[in-house]
Amino acid sequence: MTAVRLPARHQFRLIDILKVLAAQCIVLHHFSAYGPLSEAASDALPDVMAWLYDNARMAVQVFLVVAGYLAARSFALTQRPATAMLRGLWQRYVRLAPPFVAALLLTVLCSALARPFLDAAVVPAAPTLAQFLAHVSLLHSVLDVESLSAGVWYVAIDFQLYAALALLLWVSRGKRWLSMGLVALLCIASVTWFNTDASWDAWALYFFGAYGLGALAWWAGLRARHGLYAIVLYATALSAGLASLTVNFRERMALAISVSAVLASFGSWQLRLPRWLDYLVSQFSRTSYALFLVHYSVLLLANAAWAELGWEDGDAALFFIAGSWFVALGVSYLFHTQVEQRIEQWRSAPKPVLQGSTARP
C-alpha cells in the first residue's frame, strides 16, 4: 500500500465536478429538511423542495464512489507491514477528525445561539462530554449517540471504509490479484446483502458496495497496469449490483453504479474547461469537505433569524435560503483556509529533533 505519485490534477477534473455538485445537493437537501425556512419555501416551490428533500440526499452515493476511487488511487497494491497500515489509518484519522471537531465546536456555539428561536427538533441539544467524545473518536454512529450536526455519520463511515480497504490490501500481502479480488468480494457481499438490510447502516459493510465500486473503477481504468483481470473484477461486481437491483431496487445503489461506470470509463480523462470555470471548480472542490462540515451552522443561524423576523412569505424564504447558501460557501472557504489548511500545515511540518537524539559522533 505504498503511496504512489498522482497524475496532474487537471486529469481528474471530472471528479472535482462530481464533488462540487454532490456537495451542493447535500446543502440544499438540508435546507429543504430543517426549520421554518424550509416550511415557508415549500409553499412557494412545493415540487422543487419536495425533490430536494426526497432525492438530493442521494448525492452521498457520489461521495462514497469518489472516496473509494481516490482511496484506491492513493495506494499501490504492494506489501506493507502492519505498523505502516496503522500509521496510514492514523494519518487518515488526523486528516478527518481535527477539522470535524473544529466544525462541531462551531455547531455547538451556533446551536446555543439558535436554540431560543427554534424548536428542539431542529437544534441539537447541548452536548454531554460522553456525546462529544463519541464524535471525536468517530464512534458516534456505532454507539448510536445523538448527532451534534446533520450528516456527521458520513465522517465516521468514511473512516471505517478507508480502514476496511487498507485492511484488505494489507491482508493480501502484496499480491495484486488477491487485493483486487478481496475488494471485489466484499463489494459484491455489500451490494447483494448488507446494503439491503438497514440495520447495518452504522457500519462500513452497508456502504462498501458503492465504495468498492469506486476502488474497482480506478483499477479497471488502469488497463495497462492491471490488465484484463481488473476489468473482469469490476464488471463482475457491477453485474452483481445490477442483478441485486432486479430483486430489490434501490435508487441510491443505481446512482452509485452509474457514477462508478462513468469513473471507470472517463475518470482520468483530461477534461479541459474555460480558465474561469476551471478555477471555480477547483476551489469549490477543495472546500467541499469544509462546506459539508460548516453549512449546518449557517442553516441554524439562518432559521433563527427567519423565526425572529416573523416572516412567512414563501418567495422571501427562497431568497433567504439562496443568501444563506452563499454565506455557507463563504464560511466554508474561510474554514478551509483558516482551519483545514493550517491543520494540514501543522501535520506536514517537520518535527523537531530532541536534543541528544542524534547519533553519537
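Start by selecting residues 275-286, which form helix 12: at 1.5 Å a residue its 12 residues should span 16 Å, and its end C-alpha atoms are 17 Å apart, which agrees. (Helices are DSSP runs of H or I, at least four residues, numbered from the N terminus; the expected span is 1.5 Å times one less than the number of residues.)

You're looking at a predicted model, where local features need pLDDT of at least 70, side-chain atom pairs count only at pLDDT 80 or more, and totals for chains, interfaces and linings use all residues. Residues are numbered from 1 along each chain as its sequence is written, and side-chain values use heavy atoms, leaving out hydrogens and water.

Now pick Val281, Ser282 and Ser285 in helix 12, which are buried (under 20% relative accessible area with a 1.4 Å probe, protein chains only; exposed is over 50%). Next, show helix 1 (13-33) and helix 13 (288-309): the buried residues of helix 12 pack against them, with contact meaning heavy atoms within 4.5 Å.

Which residues line the largest cavity? Select Phe100, Ala103, Leu104, Thr107, Ser149, Val152, Phe292 and Leu293. A cavity is a set of points on a 1 Å grid over the protein atoms alone where a 1.4 Å probe fits but cannot get out, and lining residues have an atom within 4 Å of a point. Helix 5 gives the largest share of this lining, four residues.

Last stop: the second largest cavity, whose lining includes Gln61, Tyr206 and Arg252. Helix 9 (204-221) is among the elements supplying at least two residues there; helix 9 gives the most, three.

Key:
On a 1 Å grid over the protein atoms alone, a cavity is a set of points where a 1.4 Å probe fits but cannot get out, and a pocket is an open set with protein on both sides within 12 Å along at least five of seven lines; lining residues have an atom within 4 Å of a point.
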